[in-house]
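The following note sets out a reading of the model for a colleague. Please consult the sequence and coordinates alongside the numbered points.

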Amino acid sequence: MIENAPFFCAGLLVVIGLVVIVTKKDLIKMVMGLALVEAGVNLLLVATGYLSGGVAPIFTNAPSTAMVMPTVQAMTLTNIVIGIATTALLLSFVMVISRKYGTRDVTEMRRLKE
């Protein structure tokens, strides 16, 4: 049961992030919800690569025990970098939209468009 806790937490983070994206009307809160989804995906990637009693794959003469998968660690690091760039781009879009419409509320922007 306890070995499944990271998978449960990853799913919970993704669900909370999706709920925030769908229910909130503020653009900054929507970007924060996307960051929660990305954190859940990162946790899921790290949890899938974990191996109980595994050895780090950096040794040249490693013992014949099981090794932790380095692929998911590299994917997680790549996902973090892409997530930071995406978040910065989305926040810059929010700044431009906020200056144009004078608000960050999505429903208010729809009303101003008409």
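**Notes on the predicted model**

1. D26 is buried, with a relative accessible area of 17%; here buried means under 20% relative accessible area, exposed over 50%, and partly exposed in between (1.4 Å probe, protein chains only). R104, at 36% relative accessibility, counts as partly exposed. The side chains of these residues, D26 and R104, meet in a salt bridge at 3.1 Å, N to O. D26 lies in the loop between helix 1 (5–23) and helix 2 (27–49), and R104 in the loop between helix 3 (70–101) and helix 4 (106–113), so the pair ties together parts that are 78 residues apart in sequence. The structure holds 1 salt bridge, the term denoting a side-chain nitrogen of Lys or Arg within 4 Å of a carboxyl oxygen of Asp or Glu. Side chains of opposite charge can pair when their charged atoms come close.

2. On provenance, this is a predicted model, in which local features need pLDDT of at least 70 and side-chain atom pairs count only at pLDDT 80 or more, while totals for chains, interfaces and linings use all residues. Residues are numbered from 1 along each chain as its sequence is written, and side-chain values use heavy atoms, with hydrogens and water left out.

3. The secondary structure of the protein chain comprises 4 helices and 0 strands, giving the pattern α-α-α-α along the sequence. Helices (H or I, at least four residues) and strands (E, at least two) are DSSP runs, numbered from the N terminus.

4. How does the radius of gyration of the protein chain stand against that of a compact globule of 114 residues? The chain has 20 Å, whereas such a globule would have a value near 13 Å. The radius is taken over C-alpha atoms, and the globule rule is 2.2 Å times the number of residues to the power 0.38. Along its principal axes, the C-alpha trace spans about 70 × 30 × 15 Å.

5. Buried residues make up 20% of the 114 residues in the protein chain. The chain exposes about 8100 Å², of which carbon and sulfur atoms supply 71%; accessible areas come from the Shrake-Rupley method with a 1.4 Å probe, and for residues only the protein chains shown count as cover.

6. Among contacts (heavy atoms within 4.5 Å) between residues at least 6 apart in sequence, 55% join residues at least 24 apart.

7. Which residues does T76 contact, leaving aside its neighbours within four places in sequence? They are N42, L45 and V46. T76 is found in helix 3 and, at 8% relative accessibility, counts as buried. T76 and E38 are 38 residues apart in sequence and 10.0 Å apart in space, C-alpha to C-alpha.

8. M75 is also placed in helix 3, but at 42% relative accessibility M75 counts as partly exposed. The C-alpha atoms of M75 and L45, which are 30 residues apart along the chain, are separated by 7.7 Å.

9. T87 has its place in helix 3. Not counting residues up to four places away in sequence, T87 touches V31 and E38. The C-alpha atoms of T87 and D105, 18 residues apart along the chain, are separated by 18 Å.
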